[in-house]
Amino acid sequence: MGDFVLDRYDPGGFYCEMLRCAATAEIRDRLGRMAIDEFRRRAAGAEQALYNLGITFTVYTDSQAIDRILPFDSIPRVLPADEWDQIERGVIQRVTALNLLLEDLYNAQKILKDGLLPEDLILGNPNWRPLMRGLKVPHKAYVNICGTDIIRDEQGVFRVLEDNARTPSGVSYVIENRHMMLRAFPDLADGIGLRSVEDYGIKLVSAMRDIAPGNSTGDNANPEIVLLSPGTYNSAYFEHVFLAREMGVPLVEGRDLFVDNDRVYMRTTAGRARVDVIYRRINDDFLDPEAFRPDSMLGVPGLMRAYFAGNVALANAVGTGVCDDKAVYAYMPRIIRYYLGEDPIIENVQTNICREKASLAYTLDNLDRLVVKPVGEAGGYGITIGPRASRAELDECRAKLIDDPANYISQPCIGLSVSPTLIDGHVEPRHVDLRPFAITGESTWVLPGGLTRVALRRGSLVVNSSQGGGSKDTWVLE
Amino acid sequence: MSNPLLARYAECIFWLARQVERAENLARIIEVQETFARNRSGNRDWSSIVQLNADEDNFAEKHSVANAGNVIRFYVTDGDNPNSIKTAIRNARENARALRPLVSTEMWVALNVFYNRLNAIDEREVAPGSLSPLLEEIKQGCETFTGITEGTFYRDQAWYFYRLGRYIERADQTTRLLDSKYYVLMRDADIANLVNTGQWMALLRAASGYHAFRLLHQGDLTPWRVAAFLLFNPSFPRSVLLCVKEVDTAFTGLKSRYNLRGGNDVAEGLDQLRSILGTRSIDEVLASGLHEFIDFIQRYLNAITERLGAAFFGHPPVETPAWPDADQWPPFAADLQTQAQA
């Protein structure tokens, strides 16, 4: 059998990331010359290596911890330079707008006074943190690390699906997937002008230095930076390890830190040591039992006191969750115009805000053609996909909408772009999205690439790792 | 300037080292027992391993008879037994997981692969009589990890805590290895049974000390020489004296290089222990009881561990400040005997 990788590949009616343009011709050629058996063998080797390296997320059952790897697909997703340029500018614009929004919301609240955002959407939001009112955040950078979920529709137009402005995860896969690809398929990448993803740790440290207390006055040339993790039992623990290593900073847990006289210290073999910046991978409400959930064992009592005293910086800032939920998302094009006077460089998916009467009516009339999403859920939960829902499911959705319209948005059902993917030894089209990562200190930098998530189930549009998604290496070309 | 080391990391690396060393020595102890059992005149009573680890109660909960099969399973593959090889490596891996930011990727991968291998042991591999290849593999797995650590672990504070753990555990385990055959060996020594030189050799082999011993004593193989070799030889890498010296060296290096304030009591205790090991003769030890001497050393090593915890791991101060008193030994040992009989 002389089958080659792309021989039997047919994307059907979807926009294909691999077949669509001239920029990917060289990679197509190389895949076209590679026997599928050979490809399969090397892909299996790459997966085993990921397992041995323990690049895993952990699933806990009653009796034991099971380490799973995020399924990795060896056929890369390729982005030519001009497309990346649009994404990069679009992400920077978006992050800039988010930071301006947060600065406004926690200070003057002009946008509320001008009536652009409904007040209750912000002030009644479970992620609104009133105690952040008036706090000065260095460089007004609230969202230091942002993951922007971007999809591509049937026409190949990029659209933002979601902003992740709290503690977005996945960047470790971007970098580990690249290492894996370059080891397993050096011949595929050789000489095609692939942009490196190696700088992430350095850029992250640099942003953390930017926001360190005393940085602007030059008082603190060598700030102590730490990464705060919920610990080894957290499903993203390996990403925390990865980032701490890339940054060269201690990976701490809440119990390693304490606050004395509004300053944060870590417990070391030589006694206490000052901590200046905390890249925290713990949600707001677990950070400090004195300020938030009193039952939190993960946080550090008194941390907020130190934060408000200006003795420690937190990344991301507290309270960013108010700007990245699905309700605020719907207003993002208006928010960008409001603060920046620009049109969005990457459009939203057209979104109907069900709290607005006309939108609700439209949604109810077109339920079988729309995707309905609750605004407060993450990870792809609670979504009704109209064209695939049963009569009963649609009725249930209708009832929920009428009962609590403000809790929902609706969007057209988009046929996400596809990418050739190795499935049981054959190459088939699977839907993908893209999460680029942006780091903001004094300015914003976007890692060239990002996490391409792939829905491994045939026809599935849900790419979340909790729901059977995998990942691909993302190749941005020079 | 060096990086600060989290107290929690120091404790994790200390125990990681101990757990790997412990797994290796458990394999050695089972190996020597198995060799003895194969010998016609050998000891088929496997309960000595259970006693050695003070596991009588735990063992009795699961097994009614201390036969080869039960004891082997209990110490090799039983994940519920806190003192089994499998548990030691699982704990080591959990510590390594917490230490991922610090240890080399190679160290992590080695332990990860080793642990997955232990999880995949099947029944046939632990059958009495065909156990040797598995024990060999376990020893090699541990030694591989030790070698990778030596070759890839950054020489920072954590490296010193790793060495402290490794050598404290090794010293402790050598005393257990010797203790495991002590009664049998002493009984047989009285009648100078020639057949038993085979058992002495097995003990030395399990400690990887046979050839070194031969270089030192061509021909003359007596119980007290073997005991002296395992306890006091200054060049044998598993002798108690050498291990304690290594602990002392690591500790002095740690204190001076990283300017750590705590742990002066540890230094004092190590001094005393070195001096005891350096000045006792094997005749003195045998006269007052080898087992009691071994027990004394184990207590000492425990006391050192406790004080390390108070000085560097963030544990509360040790409440009993006195060291096991060398001047009270052998009377100290006599007390113990009285207690045991009571």
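In chain A, the C-alpha centres of domain 1 and domain 2 lie 28 Å apart. Domain 1 of chain A comes in two pieces of sequence, 22-347 and 415-476, while domain 2 of chain A covers 350-412.

Keep in mind that this is a predicted model. For the complex, the predictor reports an ipTM of 0.84 and a pTM of 0.89. Chain B has a mean pLDDT of 86, with 87% of its residues at 70 or more.

Now for the helices. Two packed helices are described by the angle between their axes and the distance between the axes. In chain B, take helix 8 (residues 157-180) and helix 16 (residues 290-312): their axes come within 10 Å and cross at roughly 160°. Angles over 145 degrees count as roughly antiparallel, so helix 8 of chain B is roughly antiparallel to helix 16 of chain B. The crossing of these two chain B helices is left-handed.

Which residues in helix 8 of chain B meet helix 16 of chain B? Helix 8 brings Leu164(B), Ile168(B), Ala171(B), Asp172(B), Thr175(B), Leu178(B) and Asp179(B). From helix 16, the partners include Ile294(B), Ile297(B), Leu301(B), Ile304(B) and Leu308(B), along with His291(B), Gln298(B) and Thr305(B). Sort the residues of this contact by type and you get 9 nonpolar, 4 polar and 2 charged.

Terms used
Residues are numbered from 1 along each chain as its sequence is written. Chains are lettered from A and ligands numbered from 1 in the order in which they are written. This is a predicted model: local features need pLDDT of at least 70, side-chain atom pairs count only at pLDDT 80 or more; totals for chains, interfaces and linings use all residues. Domain bounds come from an automatic or database domain assignment. pLDDT is the predictor's confidence in each residue, from 0 to 100. Axes are lines fitted to C-alpha atoms, for helices over the stretch in contact, and angles run from 0 to 180 degrees between N-to-C directions. Helices (H or I, at least four residues) and strands (E, at least two) are DSSP runs, numbered from the N terminus. Angles under 35 degrees count as roughly parallel, over 145 as roughly antiparallel, 65 to 115 as roughly perpendicular and the rest as oblique. A crossing is left-handed if the near helix is turned anticlockwise from the far one by less than a right angle, and right-handed if clockwise. Two residues are in contact if their C-beta atoms, placed from the backbone, lie within 7 Å. Ala, Val, Leu, Ile, Met, Phe, Trp, Tyr, Cys and Pro count as nonpolar, Asp, Glu, Lys and Arg as charged, and the others, Gly among them, as polar.
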